[in-house]
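Hi,

Here is the structure I promised to pass on.

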Amino acid sequence: MGNPILYRVANEVADPADPEIARLANDMKDTLLHVGGSGIAAPQVFESLRLVVYRISSRLISDTAEDANPWVVLVNPVLAPTGDTMASGWERCLSIPGLHGKVPRHQALRMSYQNLDGETVTLDAEGALATLLQHECDHLDGILYPMRMTDLAKLEFNAEPGHLAQDIVDGQKVWPVLQGLVDAWPGRGQYFDD
Ligand code: NI
């Protein structure tokens, strides 16, 4: 956060089938595997291009899901919300290490993008996937998640997840990767008996 490339509107990919784009997508996948994230956009690796790589990993959706979901490469993705429903959930970002924040997002959307063969694909998404896609595609327009937040009190250190713990006490479902922050928190005794 703070590097100017993260605040730029990224360039369209002229030729999705260019082998250099596939090479870059593969590098981004390696980066994600290394840091354990779910999605990454090209500006985060200092390439101002409209390119995203993601995978719905087990850490994101459940404690037991197989890590069998395929990697998806989005070239020149375009999102449009379907319906007016917004929901706030906790997010993290590789470009903002050590923090998490609660961000309002559209609950459902339709996305079209090109794959690495240059074919146009349309996808409907909701819930966690819709949130992930909005987060990653925001990177292509120079937007980081704190810029979407409406309550900055809900931006906090991973090492001090007090508001996140309160949400869990209140019965909100959070992704396992976020639950893990609370499980590891020495201050959790203020919120939980066990
Ligand atoms: Ni991010």
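In which strand is Gln 114 found? Gln 114 sits in strand β6, residues 108-114 (helices, H or I with at least four residues, and strands, E with at least two, are DSSP runs numbered from the N terminus).

Before the rest, some housekeeping. This is a predicted model, with residues numbered from 1 along each chain as its sequence is written. Local features need pLDDT of at least 70 and side-chain atom pairs count only at pLDDT 80 or more, while totals for chains, interfaces and linings use all residues; side-chain values use heavy atoms, with hydrogens and water left out.

Back to Gln 114, which is partly exposed at 22% relative accessible area (buried is under 20%, exposed over 50%, partly exposed in between, with a 1.4 Å probe and protein chains only). Leaving aside neighbours within four places in sequence, its contacts (heavy atoms within 4.5 Å) include Val 73, Asn 76 and Thr 120. The C-alpha atoms of Gln 114 and Val 73 are 8.5 Å apart, although 41 residues separate them along the chain. With Asn 76 there is a side-chain to side-chain polar contact at 2.9 Å (N or O atoms within 3.5 Å, one able to donate a hydrogen and the other to accept it, and residues adjacent in sequence counting only if both atoms are side-chain atoms).

Now the metal. Cys 93 (SG), His 135 (NE2) and His 139 (NE2) coordinate the nickel ion at 2.1 to 2.3 Å, and the donors follow the spacing C-x41-H-x3-H. Donors here are N, O and S atoms within 2.8 Å of the metal (3.2 Å for Na, K and Ca), and sites may look incomplete because water is not among the atoms.

Both histidines, His 135 and His 139, belong to helix α3 (residues 127-140), four residues apart, about one turn of the helix. An α-helix has 3.6 residues a turn, so residues three or four places apart point the same way. His 135 and His 139 are both buried. In α3, 11 of the 14 residues are buried, so the helix is largely enclosed by the rest of the structure. Just after α3, Gly 142 takes a positive phi of about 75 degrees.

Last, the sheet. Three strands make an open, antiparallel sheet in the order β4-β5-β8 (strands pair if DSSP finds at least two bridges between them). β4 (86-91) and β8 (155-157) are at the edges with a single partner strand each, so one side of each has no neighbour in the sheet. Strand β5 (residues 99-106) pairs with β8 over three bridges, and Gly 101 has Leu 155 as its bridge partner in β8.

Cheers
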